[in-house]
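Hi,

Here is the structure I promised to pass on. Have a look, and my notes follow below.

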Amino acid sequence: MKIYKCSFCGSPIPPGFGITYVKKDGTILRFCSRKCFVSMIKYGRDPRKLAWVRKRLNKLMRAQAPKKAKTAKSK
Ligand SMILES: [Zn+2]
């Protein structure tokens, strides 16, 4: 099963969770939570301007950084 990323905040969505939204033009948007769904579709917010999105992204970046270093050493 593929793990998709949230279209709004970028966090990974575990299988069986989240909301999938299909626009009129056919683009598929996946959201991890109702909070992300409402922020993008209803309020049209910019994720870069929201503190809680930046916090989540920073967490993800911190989690991914050591993994990349390990793979680089093994090669
Ligand atoms: Zn999200």
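A definition to start: two strands pair if DSSP finds at least two bridges between them, and the helices (H or I, at least four residues) and strands (E, at least two) are DSSP runs, numbered from the N terminus. This is a predicted model, where local features need pLDDT of at least 70, side-chain atom pairs count only at pLDDT 80 or more, and totals for chains, interfaces and linings use all residues. Residues are numbered from 1 along each chain as its sequence is written.

The protein chain has 2 helices and 4 strands, in the order β-β-β-β-α-α. Strand 3 (residues 19-22) and strand 4 (residues 28-31) run antiparallel, joined by 4 bridges. Thr 20 has Arg 30 in strand 4 as its bridge partner. Their hairpin has 5 residues between the strands, and Gly 26 there takes a positive phi near 100°.

Lys 5 sits in strand 1 (residues 4-5). Lys 5 counts as partly exposed because it has 13 C-beta neighbours inside 10 Å (buried takes 20 or more, exposed 12 or fewer, partly exposed is in between, with C-beta atoms placed from the backbone).

As for the inside, 16% of the 75 residues are buried.

Cheers
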